[in-house]
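Have a look at the structure first, then read on.

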Amino acid sequence: MGDVLLAGPCVRAVAAGAGSVVMLAGPHGARAAELLPGVDRVYSWRAPWIDLEPPRVTRPMILELSERLRRLRCDAALILTSFHQSPLPTAMVLRMAGIPWIGAVSEDYPGSLLDLRHRVPDDIPEPERALGLARAAGFDLPEGDHGGLKVRRPLPDVTPLVGGEPYTVVHPGASVPARQMTPERSARLVAALTGAGHRIVVTGAPGDAVLTRQVAGEHGLDLGGRTDLPQLASVLAGARAVVAPNTGPAHLAAAVGTPVVSLFAPVVPAERWAPYRVPHVLLGDRTAACRDSRARQCPVPGHPCLDGIPDAEVIRAVAELTSAEDAVSNRMESVA
């Protein structure tokens, strides 16, 4: 989901210069693709060379995908990958589908698989990496679009879920355990934030229901599994701040303009994956032994890079971000 949301500026640039945009994404990313401005159709496919729990590669599955893509009759394709992924397997399938022009960021020599082999500097934010590819392909953002993350509006009314009082969201889960606090540590953090005067709403996917129930405990409102993606976007949009690890909902918060306290494990570079173009505070030990390891399970006993963050630092970060938001709101009210 996070990968797709970070591709938003690139998608809008392509949409500004194309008659129609089709987005092919994995099952988790497809839901986010439906939220992106500029996307006309979404196709979901689980790529064995990208998925964290990849299916076996078979000849029939590859032929079926290439036939689906052939029927779309696309004029061109841009392959958007994270910095550690190769676009070349996807490029091969696109060639099999007869797509005449293909561009991608590729460190590997692509031969004739790519018409545009784009190169980017190391450690630039992922949205800029993808947008740079669009620009190299001749697309650019329309006038007035400053390149931040966005979702389609309007979002659904979630007042029946969250109530009418101000709240702060804690989203404890992430796609891999190494990027999130342990459940026990997250539960203590929710208790501490509540003790500091914050009303806490705990969010999570249906598969996170056990986690969110434990983390919310007696202190937070547990919304784990109770929202679809547009509703989650609306919950995040209504929050004063969001406390989350490096995960899709942190980028969703950025896309709806909500400040983020990012509990960032250094297994991937913050320069690439920090909340983009939204007020945020990065917390966590950036020099931990797991740095740049892309580990899925924490390799350091005690998970110190995240579990070692003091409650006081998180409380201070939330106060810093919400005070800044309050100041902006007060200025806007004064002007009105």
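## Ground rules

Buried means under 20% relative accessible area, exposed means over 50%, and partly exposed is in between, with a 1.4 Å probe and protein chains only. This is a predicted model, so local features need pLDDT of at least 70 and side-chain atom pairs count only at pLDDT 80 or more, while totals for chains, interfaces and linings use all residues. Residues are numbered from 1 along each chain as its sequence is written, and side-chain values use heavy atoms, with hydrogens and water left out.

Let's start with A25, which sits in strand 1 (residues 22–25); helices (H or I, at least four residues) and strands (E, at least two) are DSSP runs, numbered from the N terminus. A25 counts as buried because its relative accessibility is 7%. Setting aside neighbours within four places in sequence, A25 is in contact (heavy atoms within 4.5 Å) with V4, A30, Y43, S44 and W45. A25 and Y43 are 18 residues apart along the chain, and their C-alpha atoms are separated by 6.4 Å.

W45 takes us to the aromatics. Rings of Phe, Tyr and Trp (its six-membered ring) pair if their centres lie within 6.5 Å; planes under 30 degrees apart are stacked, over 60 edge-to-face, and the rest tilted. That rule gives 1 aromatic pair. W45 and W49 form it, tilted, at 5.6 Å centre to centre with 50 degrees between the planes. W45 is buried at 12% relative accessible area, whereas W49 is partly exposed at 28%.

## Nonpolar cores

A nonpolar core is a set of buried Ala, Val, Leu, Ile, Met, Phe, Trp, Tyr and Cys residues joined through side-chain atoms within 4.5 Å. Which members of the largest one touch the most other members? Of its 52 residues, they are M23, V151, V169, V235, L236 and L252. Apart from that core lies another, of 28 residues, with V281, L283, A288 and A295 among them.

Not counting residues up to four places away in sequence, V151 touches L5, L35, P37, L252, A255 and V256.

## Salt bridges

Side chains of opposite charge can pair when their charged atoms come close. Count a salt bridge when a side-chain nitrogen of Lys or Arg is within 4 Å of a carboxyl oxygen of Asp or Glu, and you get 13 of them. One of these joins R46 and D51 at 3.4 Å, N to O; R46 is partly exposed, with a relative accessible area of 35%.

R272 is worth a look, being buried at 6% relative accessibility. R272 forms a salt bridge with D123, where the closest N and O atoms are 3.4 Å apart. D123 lies in the loop between strand 5 (116–118) and helix 6, and R272 in helix 12 (residues 270–273), so this pair ties together parts 149 residues apart in sequence. R272 also forms a salt bridge with E126, with the closest N and O atoms 3.5 Å apart. Since E126 is in helix 6 and R272 in helix 12, that pair ties together parts 146 residues apart in sequence. E126 is buried at 7% relative accessible area, while D123 is partly exposed at 41%.

## The D145 network

Salt bridges that share partners also join R12, D145 and K150 into one network. D145 lies in the loop between helix 6 (126–136) and helix 7 (159–162), and counts as buried at 12% relative accessibility.
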